[in-house]
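Here are my notes on this model, point by point. Please read them with the structure open.

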Amino acid sequence: MARLSDPITILKGIGPTKAKQFAALNIFTLEDLICHFPRGYEDRTKLVPIEKLEPDRPACFKAMVMNTPRTSHIRKGLDITKVQVADCTARLTLTFFNQKFTAEQLQYGKEYIFYGAVSGDFIGYNMTSPVFEALDSAPLTTRRVLPIYPLTAGLSNASVLKAVRQALAICDVPKEIIPEQVRAEYGILPAERAYFAIHEPSSMEEAEMAKKRLIFEEFFVFSAGLALMRASRSLKKITPYENLDLTAFHKALPFTLTGAQSRAIQEIVADLGRGAPMNRLVQGDVGSGKTMVAAAAAYLANQNGQQAAMMAPTEILAEQHFASLSKLLTPLGITVELLTGALTPKQKRLARERIEAGQAQLVVGTHALVSEATVFDNLGLVITDEQHRFGVGQRSALSGKGQDPHVLVMSATPIPRTLALLMYGDLEVSVLDELPPGREPVDTFLVDESYRARINNFIRKHVAEGHQCYVVCPAVEEAEGMDLKSAEAWAETLQQKVFPDLRVSLLHGQMKSAEKEAVMAEFAKGNADVLVATTVIEVGVDVPNATLMVVEDADRFGLSQLHQLRGRVGRGKAKSYCVLFSQKKSGDTFTRLKALCNTTDGFKIAEEDLRLRGPGDFFGARQSGLPVFRVANLSCDLQTLKQAQQASADWIDREGTADTPESVALRSRIATLFARSQGTMN
Ligand code: ADP
Ligand code: MG
């Protein structure tokens with residue numbers, strides 16, 4: 001018996017060349033091979049009489065060879081072999097191109113099973129290059145449900161199939177990790193059967209069942225992992241905060257808190273007084289005032305003799321938080337420290353000394369915070385802002401700097417409940433569903449090119465009034481065959497042709513991060529009038545003086561993403577506007593964009609986006625922080641996800657810590673998954 005960890009080269013027919021091809025698919029071990037699942041199936045189980053074959057619909061049929069195959073050499077590189085076959089319903093001519101050797105194996109008078117599609121008119125049926133097998137051969141490409149694998153150059157479906165078949169014959173499939181009770185409850189196939197059936201299903205129904213099981217399994221492992229993390233943390237005992245009085249903090253605030261902010265803070269206070277580490281997500285639309293909620297938590301950490309750290313995804317954002325938090329907290333006797341990559345080595349060293357000595361009480365920074373060089377004296381509270389930009393990995397790296405610190409994460413992406421569970425399944429959630437008073441909603445307009453001149457004037461008017469504008473483009477550079485506005489080219493056009501007298505600057509994701517920070521900082525200082533950018537500006541930078549957001553090719557963005565972009569304006573007292581350019585005048589996209597003009601409720605927009613596009617696209621490419629699933633597809637399998645989440649929660653309650661064989665195997669799978677996702681979830 002071979003082991004799952006054995007290399008695929010122990011299989012017959014896999015030498016160095018084949019191994020390289022498999023490596024291109026990330027297949028190295030027998031386990032990788034067994035977990036290389038088909039992307040679809042062809043049902044070749046049913047035999048159809050020739051008469052009933054339909055043009056262009058491939059099918060299996062049994063037929064007798066009526067003559068000896070004859071090959072004509074047409075020219076160099078083109079041989080055509082023709083042969084007649086028939087069953088009791090009709091005759092058919094088979095044509096093979098450059099398959100002389102294969103085709104000539106067909107023997108006159110013998111019966112075979114063929115698989116192919118007829119073409120041509122009904123006078124002369126014809127079929128090109130069908131596959132065939134002798135009646136007495138083992139069904140490999142006919143008389144079965146054929147799995148269709150993801151392939152790579154040089155590797156045929158048949159060779160993957162053969163390799164998988166061998167692997168399944170010589171080693172055990174991955175261990176069962178779903179407890180029997182769960183399988184029974186949700187109608188889930190056992191592992192052994194599922195791993196066989198996904199590759200060698202006896203029917204399309206069985207293939208479906210196998211797939212369902214494997215999807216369930218992926219979700220189950222992931223949600224059980226999160227549930228375990230949550231459970232283990234709530235079991236931890238730490239000293240509860242005793243000093244939970246926020247009177248002085250409230251007095252120092254330049255405004256009264258919104259009801260939603262007060263509720264969130266109360267929930268935090270309850271967490272901190274409980275005696276187990278807090279794990280809370282504060283979710284609120286852009287501008288809902290999350291920073292002050294974090295400030296309250298930091299204040300309490302300080303009142304209880306502990307340090308707090310707040311990590312932001314960009315330097316400029318860290319600097320803004322540093323500025324607003326020092327203004328608020330310094331008068332309350334809290335020393336706030338900034339630690340980012342932009343500091344000089346000496347500044348960094350000094351900052352780190354103060355952090356280690358405990359002189360810095362609240363540290364605001366970028367991922368420089370998680371660098372090894374940063375050592376805290378007594379870190380009791382870890383805050384991450386704009387959480388979706390960080391992976392679980394970085395979050396826990398920062399937590400590792402303290403001893404079971406309280407964790408507070410803040411996200412401006414309104415996430416529907418199901419997905420929140422998936423991304424933040426280990427967290428409790430507070431929702432800020434209210435904006436501070438006096439905030440005027442951003443007016444949003446959907447326009448087409450015929451408005452171009454008017455919008456240019458609108459930009460000019462805003463600048464003339466001393467305000468600033470964003471112009472967001474879907475692409476960085478011009479690309480051939482793509483009719484999209486690119487930030488680079490558009491910035492140049494605006495500066496040279498449209499607004500030669502204004503200060504136009506450019507910001508995109510391919511710039512070095514120091515460069516990006518510099519451009520953003522200049523804009524924040526008011527040293528540019530129009531900032532042409534890609535979606536890199538999406539993350540929470542606060543430039544209250546920016547009052548106009550123009551989005552080019554708005555149909556290229558998701559609703560939630562547009563909503564995030566729109567949140568960059570309307571942050572000050574002045575009335576703000578968002579203009580969406582799109583040439584679409586009807587259809588789904590038009591309806592979506594119209595919906596955005598009519599509502600400013602981030603949660604409603606998120607639900608709508610999820611409904612329309614599915615969660616795969618929901619967060620836009622890449623930045624999702626979602627794990628990579630092998631079989632599961634978030635757009636189609638939400639129902640299974642919910643079931644798996646429920647099942648894993650029940651499992652934890654029932655036997656999460658027990659040592660049944662399934663639980664042991666499951667815990668080891670979880671460990672592997674989470675180790676792997678540290679890289680991919682960032
Ligand atoms: P976000 O939730 O997007 O992080 P911020 O915390 O940056 O929002 O707050 C946005 C702006 O609103 C800031 O300028 C902040 O000072 C202000 N703000 C926050 N809470 C209130 C409030 N309760 N009343 C008035 N203004 C507030
Ligand atoms: Mg913020």
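1. Start with one pair of residues. Val550 has Val579, in β23, as its bridge partner. The strands involved are β22 (residues 546–551) and β23 (residues 577–581), which run parallel and are joined by four bridges. Strands pair here if DSSP finds at least two bridges between them. Helices (H or I, at least four residues) and strands (E, at least two) are DSSP runs, numbered from the N terminus.

2. A word on the basis. This is a predicted model, in which local features need pLDDT of at least 70 and side-chain atom pairs count only at pLDDT 80 or more, while totals for chains, interfaces and linings use all residues. Residues are numbered from 1 along each chain as its sequence is written, chains are lettered from A and ligands numbered from 1 in the order in which they are written, and side-chain values use heavy atoms, with hydrogens and water left out.

3. Helix α9 (residues 259–272) has 14 residues. From first C-alpha to last it reaches 20 Å, close to the 20 Å expected at 1.5 Å a residue. The expected span is 1.5 Å times one less than the number of residues. Its buried residues include Ala264, Ile265, Ile268 and Val269. Buried means under 20% relative accessible area, exposed over 50%, partly exposed in between (1.4 Å probe, protein chains only). The buried residues of α9 pack against β11 (279–284), α10 (290–303), β16 (406–411) and β17 (428–432). Contact means heavy atoms within 4.5 Å.

4. What does Gln261 of α9 reach with its side chain? The backbone oxygen of Gly289, at 2.9 Å. A polar contact is a pair of N or O atoms within 3.5 Å; within protein, one must be able to donate a hydrogen and the other to accept it, and residues adjacent in sequence count only if both atoms are side-chain atoms. Gln261 counts as buried because its relative accessibility is 3%. Not counting residues up to four places away in sequence, Gln261 touches Ser288, Gly289, Met292, Val293 and Leu432.

5. Salt bridges next: the whole structure has 31. The criterion is a side-chain nitrogen of Lys or Arg within 4 Å of a carboxyl oxygen of Asp or Glu. One of them joins the side chains of Glu337 and Arg354 (2.8 Å, N to O). Glu337 lies in strand β13 (residues 336–339) and Arg354 in helix α12 (residues 345–357), so the pair ties together parts that are 17 residues apart in sequence. Glu337 is buried at 7% relative accessibility, whereas Arg354 is partly exposed at 33%.

6. Asp529 forms a salt bridge with Arg503, with the closest N and O atoms 2.9 Å apart. Asp529 is in the loop between α17 and β21, and Arg503 in the loop between α16 (487–498) and β20, so this pair links parts 26 residues apart in sequence. Asp529 is buried at 10%; Arg503 is partly exposed at 40%.
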